[in-house]
Amino acid sequence: MSEPDYVARNRELWTTTNAEYTGPAAARSWAREELTWGIFGTPEGEVGVLGDVAGLDVVELGCGTAYLSAWLARQGARPVGIDVTPAQLETARALQRETGIEFPLVEANAEEVPLPDATFDLAVSEYGASIWCDPYRWIPESYRLLRSGGRLVFLRGSQLLILCAVEEPDSTSETLQRPQRGMHRIEWSDGGVEFHLGLGELFAVLRESGFVVESLIELYAPEGAKTHEYYSYVTAEWASKWPVEELWVARKPA
Ligand SMILES: C[S@@+](CC[C@H](N)C(=O)[O-])C[C@H]1O[C@@H](n2cnc3c(N)ncnc32)[C@H](O)[C@@H]1O
């Protein structure tokens with residue numbers, strides 16, 4: 001099956017990133033007892049976007065090394081991880097063998113998941129499909145995969161973060177760097193292709209796909225936070241003043 005050009009480009013980027021960072025770092029993420037969101041680690045207990053997941057069928061779209069799915073499995077959910085990069089899934093499989101936490105992992109483009117309609121109660125994406133897939137494709141696909149009454153929860157970099165992103169040096173400015181109007185596909189110089197719609201457009205895609213948007217939580221760095229060692233393109237100081245990430249919750253009507 002042919003795939004969009006950006007899928008191969010992002011697979012290549014994530015194969016390199018797996019070797020350099022996410023592969024070695026994954027065991028630490030799998031070992032974390034508390035689930036946190038985003039670069040500055042907002043606790044799930046504080047935002048409560050997932051709620052009680054015990055007994056739910058969950059699909060993670062762009063699961064990477066699948067620590068979020070592993071956490072969901074430990075809470076009694078039945079996760080299935082979808083990712084397009086074999087190296088990322090291999091790391092996840094190695095950790096499944098090490099920890100005994102087993103769940104299905106499917107190598108696929110999250111815009112075209114080879115699973116039947118209405119299979120899941122919850123679809124999640126933490127910097128997965130939420131930024132690496134085209135929202136005009138992955139959001140309707142997540143809707144198709146959900147049962148009536150099911151929820152979509154995803155995390156992405158904030159609108160303002162993307163508007164202020166600088167490539168050389170990799171950083172975040174206090175001034176706008178690009179127009180918001182027409183923002184959609186963004187090609188970075190490392191070869192990666194991301195997708196970022198402005199808030200109004202993203203809200204419209206969700207609505208037009210059939211979802212009811214239930215909440216949009218903007219995440220900031222907490223007081224006293226330090227700039228992340230690896231994700232240092234946004235400083236704790238910047239993120240203490242402006243929202244660095246957005247957590248969205250949408251529901252497929254019952
Ligand atoms: C930031 S990582 C995922 C984060 C994940 N929560 C973790 O920490 O491992 C982004 C993932 O999206 C995956 N990805 C990129 N494009 C994709 C696509 N079209 N379909 C499915 N996965 C994709 C990459 O392979 C990568 O593993």
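**A walk from loop to ligand**

P169 sits in the loop between strands β8 (165-166) and β9 (171-172). Helices (H or I, at least four residues) and strands (E, at least two) are DSSP runs, numbered from the N terminus. The peptide bond joining E168 and P169 is cis, with omega about -5 degrees.

The model is predicted, so local features need pLDDT of at least 70 and side-chain atom pairs count only at pLDDT 80 or more, while totals for chains, interfaces and linings use all residues. Residues are numbered from 1 along each chain as its sequence is written, and side-chain values use heavy atoms, with hydrogens and water left out.

A66 has a positive phi of about 70 degrees, yet is not a glycine. A66 lies in the loop between β3 and α3 (67-74). Its relative accessibility is 0%, so A66 counts as buried. Buried means under 20% relative accessible area, exposed over 50%, and partly exposed in between (1.4 Å probe, protein chains only). A118 also has a positive phi, about 50 degrees, without being a glycine. At 39% relative accessible area, A118 is partly exposed.

Now turn to helix α6, residues 135-145. Here P135, W138, I139, E141, S142 and L145 are buried. They cover an arc of only 160 degrees around the axis, so they lie on the same side of α6. The arc is that of the directions from the helix axis to the C-beta atoms. These buried residues pack against several elements, including β3 (57-61), β6 (120-126) and α8 (199-209). Contact here means heavy atoms within 4.5 Å.

Strand β7 contains R156. R156 counts as buried because its relative accessibility is 2%.

19 residues surround the ligand, and the closest are D83, T85, Q88, A110 and E126. A residue counts as near if one of its heavy atoms lies within 4 Å. D83 places a polar side-chain atom 2.6 Å from a ligand oxygen atom. A backbone N or O atom of A110 is 2.9 Å from a ligand nitrogen atom. Alone, the ligand exposes 590 Å², and the protein buries 94% of that. These areas come from the Shrake-Rupley method with a 1.4 Å probe; for residues, only the protein chains shown count as cover.

Note on methods. A polar contact is a pair of N or O atoms within 3.5 Å; within protein, one must be able to donate a hydrogen and the other to accept it, and residues adjacent in sequence count only if both atoms are side-chain atoms.
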